[in-house]
Amino acid sequence: MKLKQLEGLLGDLQQFTAPKVELEQYATGPHIASRMLYTAENSFDDITGKVVADFGCGCGTLSVASSLLDAEHVVGIDIDPQSLELAQENAADLELDIDLIQCDIKNLNLRGLLVDTVVMNPPFGTSRKGADMEFISMGMKVATRAVYSLHKTSTREHIKKVALRNCNAISAEVLCELRYNLPRTYKFHKQNEVDIAVDFWRFVPRARDEDKPMDGTCLPTCIQQAVQVLTLKRVVQSSVTGWNKQPLMQELTKALKSVSSDLLDRFIDSVYKFSEQPYLNEGNFGPVNEIGDEVFIDDLNGEVPKDFPEGVYIRNGPNPLNASQTAAESIFGPTSYMYYEGHGMLHAIYLSKSNLGEWRISYKNKYVDTDTFELERKKNKIAFLPSAEGEPCATLVAFLLNTVRFGKPVKDSANTSIFQHAGRAFAATENHLPYEIDINNLRTLGPYNINGAWDQPFTSHPKKICGSGELVTMGTNIEKPHYVLGVISSDGERLLHKVDLKFEEGKLIHDIGVTAQFIQNDMGGISRIGVMPRFGDADSIIWFDVENHCSYHLFNCFEDGNEVVIRGCRTLDSVLSSASHDDDKSKCSGRAFLQPDKNSEGFDPSVDGTLFSRPYEWRLNLKSGTTKEGYLTDEKVAMDFPVINEDFVGVKNNYGYAQVVDSVATSEIGLFKYNRIAKVHFDRQDKENKQLKSVEYHVLKEKTFCSGVQFVAKENGIDEDDGWIITYVHDELTNVSQVYIIDAKRFAEEPVLKITLPQRVPYGFHGNFFYK
Ligand SMILES: C[S@@+](CC[C@H](N)C(=O)[O-])C[C@H]1O[C@@H](n2cnc3c(N)ncnc32)[C@H](O)[C@@H]1O
């Protein structure tokens, strides 16, 4: 709005009809009022989109001006009810939404009302000594950005001294000196006009961190409404089960959409209290700092095998920024982070040879610099509200607030895997696009959307097709389309095939397998596995019903005559779906990870052993439509994070490697710890039980656990197991992290090399080896 237009509109406002001398009621003329507000906005950005309070608003001139300049919310406060009635009429005439409160400024109890800017033309303290300072003092308590005020020039020095000394101001500046033409207002005024010198002040309050309100009573109206809706729903929810989320989402979304991001930020600050989710900071699950430049390592126990390939071993894993703010408490209930959503950090071991053929080994770590990571780093606090665990209503609100504020309900954690395609590396987690990484320095290059052709989530485990070099991916989504399949060209530049498989529900599907055909694995509810041609569509899927289960990771898939064979690690429940309620969770983690004993007293099949993960094989006969399935290894041993020699993806292979769960240690904390590595011989029967496969174990020292196990193939190797297992390990007794290289053919023997790292490497998820 132009200054002249503003001045014109203010000139039409009704003013005091019977001004009260004791309250020093005289109006701020349109010329001065419009310039005050114009300066506050144009020079300091303090009005538009801000919450503004007008102290001693009288007939509302400064409130109206703030509202006309698009303040987010305006509150006018005055002791005098008749003035407020006029202010109400003035606002209504211009169809402005202004809240008016009748109150003596010195009794104003706005504890927790977060106002950006206070504007005022207070009493000068002529009728009641000290009235002017009461206004300044209260303004400085309430405003977070600035207080704009008019005071007699004769009081300048006094005002400055008191504002800086007693009113918590970090600056008190006279913006200009005005001539205040006071028309003859009171009988005792002898002249028709009194010309007073007046200073226009700007005071800036010192930043403070006072008690923030934990109720919605002092919040702007639209948010108050949202809070009321939610509080009501919470009450209803506690007495009624099966409540409907949809209307709540709609109501809240509507209320929140009308609120600026600045205001929402402050709403979050005032309503949410953050604390630490303790287990995320415990032991080797706790995050570490970035180490900076690559660090060369000479602390080696053993030697790099001479035919070991040069390259980089990288492992991804969660490493929350601001780990001390990973739990939230609010009027909506508690929510918290879970381990799986920490920001992705990459840990790399570089293995290269000098010109003289000597090995040089170095280590570096770095966060994956996703768009949302950058946002949280800049804010220096949690931006995305923890939403993975907590009360249903609270997680829903957190989801919604995240979506309204950042356009997505959860951040791009990019913490699960690091896969390669077409000579490029990508960090991924399935709810967002993968981020390309420069493996030479771990810098993040940006999201990968196949030159704009892919706008879906992207699995952490896309699969390269042997021979063609194409990459098969998928994106699963709670919203439609629930499952989109894609085939990416071998040079990574083109999307060759994209098809909606028309799933009726959104489900998390973590892994896929490829053979000459394409297989996808559907979990949750009633389990079934679909097989389809790689370039097929929803109609070309052949579905096989299998026993109910959950399987996160596959060893491999291949064709064997008429059968498609799938080998994976299988549990009865999902670590994610069981992670909802604290009580349930401790019950689950205590028993779900342990080997189930059906004969024990109190055995509960819905809890006991449901997360005890074992290698499993499904054989799907494409000709007869029948399924054969069963466990591959001993019932006493749980394992997951399977890997194979990648040259065998999609074809029949003999060896699978997996991390063996320390079930007791895992059950104690509810987070996986792996204290052995298994080599499963798919081609060899177990000596004692001919139904099962033979397994060799590489046993780690006491209290030493591994993560990121990967197979590294020997250059010019002949056998499938010509190569090494490489893994990060952490010794909890010494708190030292190492990388082990284990000869895959002499699997149970001591590692051929142990590399001691300069810094602890927290437990994490998947690793990969990038050959030079
Ligand atoms: C100088 S007038 C300004 C009016 C209005 N802000 C304007 O610019 O036209 C001062 C206002 O402060 C109000 N007032 C005086 N003492 C007050 C107090 N203790 N608490 C709240 N308002 C008070 C008066 O009623 C009056 O409306």
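The second largest pocket of this predicted model has a volume of about 820 Å³. Its lining is made up of 40 residues, and those lying nearest the centre of the pocket are Lys-463, Glu-646, Val-649, Gln-710 and Asn-768. Sorted by class, the lining holds 21 nonpolar, 14 polar and five charged residues.

Several strands contribute to this lining. At least two residues each come from strand E17 (417-421), strand E21 (463-464), strand E25 (512-514), strand E29 (550-560), strand E33 (639-643), strand E37 (704-713) and strand E41 (767-771). Strand E29 gives the largest share, with five residues.

An unreviewed UniProt entry places the feature "binding site" at His-461, His-510, His-553 and His-766. These residues span 306 residues in sequence, yet no two of their C-alpha atoms are more than 12.7 Å apart, so they gather at one spot. Of the annotated residues, His-461, His-553 and His-766 belong to the lining of the second largest pocket.

The relative accessibility of His-510 is 5%, and because buried means under 20%, His-510 counts as buried. When neighbours within four places in sequence are left aside, His-510 is in contact with the annotated residues His-461, His-553 and His-766.

His-553, in turn, is found in strand E29, the strand with the largest share of the pocket lining. With a relative accessibility of 6%, His-553 is also buried. Again leaving aside neighbours within four places in sequence, the contacts of His-553 include His-461, His-510 and His-766, along with Asp-511, Gly-568, Cys-569, Asp-640, Phe-641 and Pro-642. With Asp-640 there is a polar contact between side chains, at 3.0 Å.

The protein contains 13 helices and 41 strands. Of its 772 residues, 55% are buried, and both His-510 and His-553 fall in that class. Among contacts between residues at least 6 apart in sequence, 65% join residues at least 24 apart.

Technical notes:
Residues numbered from 1 in each chain as written. Predicted model: local features only at pLDDT ≥ 70, side-chain atom pairs only at ≥ 80, totals over all residues. Heavy atoms only, no water. 1 Å grid on protein atoms, 1.4 Å probe; cavity = no way out; pocket = protein on both sides within 12 Å on 5 of 7 lines; lining within 4 Å. Points joined across faces, edges and corners; volume = space filled by probe spheres on them. Helix = DSSP H or I, 4+ residues; strand = E, 2+ residues; numbered from the N terminus. Nonpolar A, V, L, I, M, F, W, Y, C, P; charged D, E, K, R; others polar. UniProt positions renumbered as here; feature names shortened; annotations may be inferred. Buried < 20%, exposed > 50% of the residue type's maximum accessible area, 1.4 Å probe, protein only. Contact = heavy atoms within 4.5 Å. Polar contact = N/O pair within 3.5 Å; in protein donor to acceptor, adjacent residues only side chain to side chain.
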